[in-house]
Amino acid sequence: MNEGPIFMSIANYITILRLFSIPAIAYYYLVGQFDIALWLLVFAGFSDLLDGYLARRLGQRTKLGAILDPLADKS
């Protein structure tokens, strides 16, 4: 894997945004606002595709992204 230095890339920002959406999804699910929780979940799925595409397309693979992306996927 061709990894660059451990700095922030656009793909990393998207991954971090996905990580921050996890508590919001849980909150809206728990309070019974399933439509909002669903849309946030759809956003999370789309952002997973988008950050991977951008990292590869722009050559912005980073060590930080290699750690954060699997973490966000498992959450």
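Arg18 and Asp51 are both buried, where buried means under 20% relative accessible area, exposed means over 50%, and partly exposed is anything in between, using a 1.4 Å probe and protein chains only. The structure in question is a predicted model, in which local features need pLDDT of at least 70 and side-chain atom pairs count only at pLDDT 80 or more, while totals for chains, interfaces and linings use all residues. Residues are numbered from 1 along each chain as its sequence is written, and side-chain values use heavy atoms, with hydrogens and water left out.

Those two side chains also meet in a salt bridge, with N and O 2.7 Å apart; the term stands for a side-chain nitrogen of Lys or Arg within 4 Å of a carboxyl oxygen of Asp or Glu. The link joins distant parts of the chain, since Arg18 sits in helix 1 and Asp51 in helix 2, 33 residues apart. Helices here are DSSP runs of H or I with at least four residues, and strands are runs of E with at least two, numbered from the N terminus.

The structure holds 3 salt bridges. Asp48 pairs with Arg18, the closest N and O atoms being 3.4 Å apart. Asp48 lies in helix 2 and Arg18 in helix 1, so this pair ties together parts that are 30 residues apart in sequence. On the accessibility side, Asp48 is partly exposed at 27%, whereas Arg18 is buried at 3%. Asp69 and Arg18 also form a salt bridge, again with an N to O distance of 2.7 Å. Asp69 belongs to helix 3 (residues 63-74) and Arg18 to helix 1, so the two tie together parts 51 residues apart in sequence. With 21% relative accessibility, Asp69 counts as partly exposed. Through shared partners, the salt bridges join Arg18, Asp48, Asp51 and Asp69 into one network.

Now for helix 2 itself. Buried residues of helix 2 include Ala37, Ala44, Ser47, Gly52, Leu54 and Ala55, along with Asp51. Their cover includes helix 1 and helix 3, with contact taken as heavy atoms within 4.5 Å. Just past the end of helix 2, Gly59 takes a positive phi of about 65°.

A search of the whole structure turns up 2 aromatic pairs. The ring centres of Tyr27 and Tyr28 are 5.1 Å apart with planes at 70°, so this pair is edge-to-face. Rings of Phe, Tyr and Trp (its six-membered ring) pair if their centres lie within 6.5 Å, and planes under 30 degrees apart count as stacked, over 60 as edge-to-face and the rest as tilted. Both tyrosines are partly exposed, Tyr27 at 48% and Tyr28 at 25%. For Tyr29 and Phe34, the centres are 5.4 Å apart and the planes at 65°, so that pair is edge-to-face too.

Tyr27, Tyr29 and Phe34 turn up again, with Leu30 and Val31, in a nonpolar surface patch of about 600 Å². Patch residues have over 30% relative accessible area and no salt bridge, like charges being joined within 9 Å and nonpolar side chains (Val, Leu, Ile, Met, Phe, Trp, Tyr) within 5 Å. Helix 1 (residues 10-30) gives the most to the patch, with 3 residues, while Phe34 is in helix 2 (residues 34-57).

Definitions and conventions. Accessible areas come from the Shrake-Rupley method with a 1.4 Å probe; for residues, only the protein chains shown count as cover.
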